[in-house]
Amino acid sequence: MVTGNATAARTGTGTDTGGAPRRRAARAGAALLLLVATVPLVFRAAGSDGPTPVPQLLAFLPWLPVPAGLGLALAFAARWRPGLFWAAAALLVTAAFVRPYGAEAPAPHGPAVARLRVLTANLEFGRATDGLLATLRRERPDLVAVQECDPDRCAAALDSAPVRAAYPYRLLAGYGAAEGSAVLSRFPLARDGVVAGELAMPRAAVTVAGQRLRFQVAHPMPPLPTSLDTWRTELGRLRALAASRGHEPLIVAGDFNSSQDHAAFRALLDTGLRDSARLAGHPRAPSWPSWTAPVLGVQIDHVLIGEALRPRAARFLDLPDTDHRALLVDLDLYSAR
């Protein structure tokens, strides 16, 4: 009896016959999970958004520790030492990339010449129009960037007498439910061109305290498998605008369909624009999808500002009937150098 058990132990048979297959399965599972976490991290480190599904995975980079952590647990169960090192490396690299990206705000020059409240809201085909109107009444922003402003609900509501009284200056662009965009302003404005895109991205030249400020709506196409090239191109056009701004105050506000983990968005920040939410202490507050935020999601709605502007506060607001949270930012405007 003892001899038989000893023989079974030497030959790997007996009661442990299921152990090796289980370890192999755990090792395969760990490798698959770690691959899901590692591929986007490699592209992030290389400064590239890569092909599908990399841009989609990069949007959720702060949650890559979930597959990496599960991979670590499976590697431990499988007694797979290379997997343990692999998982630890993935977790450490993710932690390094989760840090907020972008330069700090420059020191202001002299006193502020004006205080501005800026709102950006994606209405999801105009469905959140009533929520936008309620927010306008409650928060009283000075400048408003609206995306997905459909002609039947949103555009008609913005043309109503109460809205015209509160916002005597506005411009509308685009005609479809997803394509339409709008700018509302308490200050005089003039059309200042557009950034070309599948979705309307108008720009206004706004006069505030005798100073010209450019206010650009951002709404590039989302990085779907069929529109990746368009997404990159349109973010590149926004970057070109930012790079050519000179010392003129500039605000670029809207649904960028990208986060700080996308190289195309970081290229915008590399022009010297700064993310208001990040400077106000909310660098990773999710704005989409609204039904899982703020617990789970990604920040793709931004208010980017040039050197003549500094944020004092930022809040993400929940609007009914849209998959985005609105972003409200209080800014100080300084004289342009």
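For these entries I count Ala, Val, Leu, Ile, Met, Phe, Trp, Tyr, Cys and Pro as nonpolar, Asp, Glu, Lys and Arg as charged, and the others, Gly among them, as polar. The model I am reading is predicted.

**Entry 1: second largest cavity**

I began with the second largest cavity and applied the classes to its lining, which has five nonpolar, one polar and three charged residues. I then listed the lining by name: Tyr101, Gly102, Ala103, Leu269, Leu273, Arg274, Asp275, Arg278 and Leu279. For the volume of the second largest cavity I noted about 40 Å³.

**Entry 2: largest cavity**

I asked how many cavities of 30 Å³ or more the structure holds. I found two of them. The largest has a volume of about 130 Å³. Its lining takes in 16 residues, and I wrote down those that lie nearest the centre: Ser259, Gln260, Pro283, Arg284 and Gln299. By class, I recorded eight nonpolar, five polar and three charged residues in the lining of the largest cavity.

**Entry 3: largest pocket**

I turned next to the open space. The largest pocket holds about 410 Å³. I found 24 residues lining this pocket, with Pro222, Pro223, Asn257, Trp288 and Ile300 nearest its centre. The pocket lining divides into 13 nonpolar, seven polar and four charged residues.

**Entry 4: helices H4 and H5**

Last, I looked at one helix pair. The axes of H4 (residues 65-77) and H5 (residues 81-97) come within 8 Å and cross at roughly 160°. That angle makes H4 roughly antiparallel to H5, because the cut-off for this label is over 145 degrees. I noted the crossing of H4 and H5 as left-handed.

Which residues of H4 and H5 make the contact? From H4 I listed Pro65, Ala68, Gly69, Leu72, Ala75 and Phe76. From H5 I listed Gly83, Leu84, Ala87, Ala90, Leu91 and Thr94. Sorted by class, the contact of H4 with H5 has nine nonpolar and three polar residues, and no charged ones.

Definitions and conventions: Residues are numbered from 1 along each chain as its sequence is written. This is a predicted model: local features need pLDDT of at least 70, side-chain atom pairs count only at pLDDT 80 or more; totals for chains, interfaces and linings use all residues. Side-chain values use heavy atoms; hydrogens and water are left out. Axes are lines fitted to C-alpha atoms, for helices over the stretch in contact, and angles run from 0 to 180 degrees between N-to-C directions. Helices (H or I, at least four residues) and strands (E, at least two) are DSSP runs, numbered from the N terminus. Angles under 35 degrees count as roughly parallel, over 145 as roughly antiparallel, 65 to 115 as roughly perpendicular and the rest as oblique. A crossing is left-handed if the near helix is turned anticlockwise from the far one by less than a right angle, and right-handed if clockwise. Contact means heavy atoms within 4.5 Å. On a 1 Å grid over the protein atoms alone, a cavity is a set of points where a 1.4 Å probe fits but cannot get out, and a pocket is an open set with protein on both sides within 12 Å along at least five of seven lines; lining residues have an atom within 4 Å of a point. Grid points are joined across faces, edges and corners, and a volume is the space filled by probe spheres set on the points.
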